[in-house]
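Please have the sequence and the model open while reading. The report below goes through them topic by topic.

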Number of protein chains: 2
Amino acid sequence: MTKLFGYRVAATDGRARRGVVSTPRGDIQTPAFMPVGTAATVKGMLPESVKATGADILLGNTYHLMLRPGAERMARLGGLHKFMNWAGPILTDSGGFQVMSLSGLRKLNEDGVTFKSHVDGSEHYLSPETSMEIQKLIGSDIVMCFDECPALPADEARVAESMRMSMRWAARSKEAFGNRPGHALFGIQQGGVTEALRGESAEALKDIGFDGYAIGGLAVGEGQAAMFSVLDYAPTMLPEDKPRYLMGVGKPDDIVGAVQRGVDMLDCVLPSRSGRNGQALTRMGAVNIKNARHRDDPRPLDPECTCPACTGYSRAYLHHVFKANEILSSMLMTWHNLHYYQELMAELRGAIEAGSLDDFVAGFHERRAKGDLVLV
Amino acid sequence: MTKLFGYRVAATDGRARRGVVSTPRGDIQTPAFMPVGTAATVKGMLPESVKATGADILLGNTYHLMLRPGAERMARLGGLHKFMNWAGPILTDSGGFQVMSLSGLRKLNEDGVTFKSHVDGSEHYLSPETSMEIQKLIGSDIVMCFDECPALPADEARVAESMRMSMRWAARSKEAFGNRPGHALFGIQQGGVTEALRGESAEALKDIGFDGYAIGGLAVGEGQAAMFSVLDYAPTMLPEDKPRYLMGVGKPDDIVGAVQRGVDMLDCVLPSRSGRNGQALTRMGAVNIKNARHRDDPRPLDPECTCPACTGYSRAYLHHVFKANEILSSMLMTWHNLHYYQELMAELRGAIEAGSLDDFVAGFHERRAKGDLVLV
């Protein structure tokens, strides 16, 4: 019998939740950080290395995958898991956000979006129905509703109009998704930074009914304070017995604040992108390895970190391979960042279980404040 | 007591030798292929992955390392082994060849070479004495004499003149190297494609006396037939009880032909560079993964290969990550190529031990001839 998708809360601490999302491809310990494997690879990492950092689930981008290698091709080749050699669960976004941010010339109406590929200029179409079909072809375990999200700043009327269309699209996504035991469909709350719109969106999604609920339309330029204000109310508007996924977040302190406010799942390109750009994220704060200050430094990035970059190499070496434009720079720095992110999540989970989240968060900020003195 | 550098022949088959080079940092099974770690990294590979392919020894480039990060800095940081996290033996070239091929504006005389860095244009000087000093600072286990080699085609007088200066430089290198137990100094035979000059060079080197002897000045555009002609006599001019190292070679069939002719050690950037350029080297021949023909191919590069690229991924995936310009493409393709090279060396060693090298070589060429039909 196919194992079903499920979620249970094991412990809480304030609004924070320690839980498990279960899928036929394995459990996801929450709060969970999902590394982003945009084009069927977490850039610079072998999938077994991503797994070794502690990741239970990856995110794939429907927009990129539909354009290259293409959804039908991927289905013929046995789906994304087999294609990219990742046996665990995969969540795919709907393509909506990236159509807005990456593609050329687009025509948006109630039906869907026509856009041009950033790869070869070819014309493509996405709608709730085609997005569900493509995510099915890809073989996604957790499918996201097709939605739209205006670039911020946007006036409230525009945000409301967009949110209401996204809710109509959510209903069409649910209808098109159908009944797929073992696969989950998540609705996406919109409404910008307006509490009433967030509430209206949450009610619309609950009326439709989903396996999980995402908080969309944040981390798009509104700043951490505004994001945390929304997270003070948005998660509690969503069902308690389903996972809550904050899309596209974020920096380590964003993640800590979001988890404190009841978020269960997050994803972000930051650890991998920063790594490629020579920025290491550590419990002491950020280290810019390209800085000449590291040229003769025999110390590791973080003496307490157990990742391959920190156990095998000096800052001087990491500086050298970055300056020499060596592939190994991206490999080691990405590995470190993903390792740190997964360790942070494990610590957050442990703190929630122990009922000591406030103490953990205080210590988290204290170490970073000290780190500013020794690292910058 | 410090373990000394040594070499012993365990078996021969025709002119081919199966041996062991012993060093304080570990044994090198010969014939051995040495992956190139130009700038203190084998591009796209973690050192533990290079080790996993079967490599016993790496090559480092003195020219690159003296310019960046710099020999004094590397010495302060504990030497190249610690810097790049490679515990096994390392051979460094002398910098001579790369000064000629990579650097800007140079002034060459009997004393040495003044040249401009390709990294930042700064002026540097290399001579037998400074090369020995730099290779010592780097911490090289097998040090190469500083030599000069004219670009081919060159007239015989120019080749003879250059060879004789290199022999005088070899004597100065030996003098400057001094007595360093556990470290080896290799002389380099020059003389182009002229047997008499190769003989004169070999006699000069033997008079000085080295721990090993390299064959230089080949694989510089003379073609395989001319190279094999030289290898028909050059190795036998060198002492039987010392390892023979053919510099900068080569393609798989070059390696097979060189081993048949008595070569014990080889190095080349080809497997890593080809990998980054999307070319896989297999026992069936070369596979250009960028070719659209592979787009829908669910087969591995080589179904018999046990490397991570072949056991985890389809040609379709490898094509995809190459086209998407993903770092993983370089990582997997390089790993495959280095794995194949080390497997080829292990097979050559086994065939020499078994006295079946001719059969192995016949099979090697037969499979490639068949492969041309199915792969190209």
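## Model and conventions

This is a predicted model, in which local features need pLDDT of at least 70, side-chain atom pairs count only at pLDDT 80 or more, and totals for chains, interfaces and linings use all residues. Residues are numbered from 1 along each chain as its sequence is written, while chains are lettered from A and ligands numbered from 1 in the order in which they are written.

## Two chains

Two copies of a chain are related by a rotation about an axis and a shift along it. Here chain A is superposed on chain B by a rotation of 180° with 0.0 Å of shift along the axis, at an RMSD of 0.0 Å. That is the relation of a two-fold axis. The superposition is by least squares on the C-alpha atoms of residues with pLDDT of at least 70 in both copies.

The residue of chain A that comes closest to the rotation axis is I327(A), with its C-alpha at 3.6 Å. Both copies use the same surface, since 100% of the contact residues of chain A recur in chain B. Two residues are in contact if their C-beta atoms, placed from the backbone, lie within 7 Å.

## Sheet of chain B

Chain B has an open sheet of eight strands in the order β4-β14-β13-β12-β11-β10-β6-β5, with parallel pairing. Its edge strands, each pairing on one side only, are β4 (32-35) and β5 (58-60). On average, neighbouring strands are turned by 25° against each other, direction ignored. Strands are DSSP runs of E, at least two residues long, and helices are runs of H or I, at least four, numbered from the N terminus. Two strands pair if DSSP finds at least two bridges between them.

Strand β4(B) pairs with β14 (residues 265-268) of chain B in the parallel sense over four bridges. Within this pair, A32(B) has M265(B) as its bridge partner.

## Helices

In helix α9 (residues 224-231) of chain A, the buried residues are M227(A), V230(A) and L231(A). Seen down the axis of α9(A), these fall within an arc of 100°, so they line one face of the helix; the arc is that of the directions from the helix axis to the C-beta atoms. Their cover includes α8 (195-208) and α10 (252-260) of chain A. A residue is buried if 20 or more other C-beta atoms lie within 10 Å of its own, exposed if 12 or fewer, and partly exposed in between, with C-beta atoms placed from the backbone.

In chain B, the buried residues of helix α6 (residues 128-138) include P128(B), M132(B) and L137(B). Just after α6(B), G139(B) takes a positive phi of about 95°.

## Core

The largest nonpolar core has 226 residues, and F186(A), L266(A), L318(A), F186(B), L266(B) and L318(B) touch the most other members. Such a core is a set of buried Ala, Val, Leu, Ile, Met, Phe, Trp, Tyr and Cys residues joined through C-beta atoms within 7 Å. Leaving out residues up to four places away in sequence, F186(A) touches residues including I142(A), F210(A) and Y245(A).

## Backbone exceptions

Most residues other than glycine have a negative phi, and most peptide bonds are trans. The peptide bond from T30(A) to P31(A) is cis, with omega near 0°, and P31(A) lies in the loop between β3 (26-30) and β4 (32-35) of chain A. Another cis bond joins V249(A) and G250(A).

A40(A) is not a glycine but has a positive phi of about 70°; A40(A) is buried, with 27 other C-beta atoms within 10 Å. N85(A), also not a glycine, has a positive phi of about 65°, and counts as partly exposed with 18 C-beta neighbours inside 10 Å.

Technical notes. Axes are lines fitted to C-alpha atoms, for helices over the stretch in contact, and angles run from 0 to 180 degrees between N-to-C directions.
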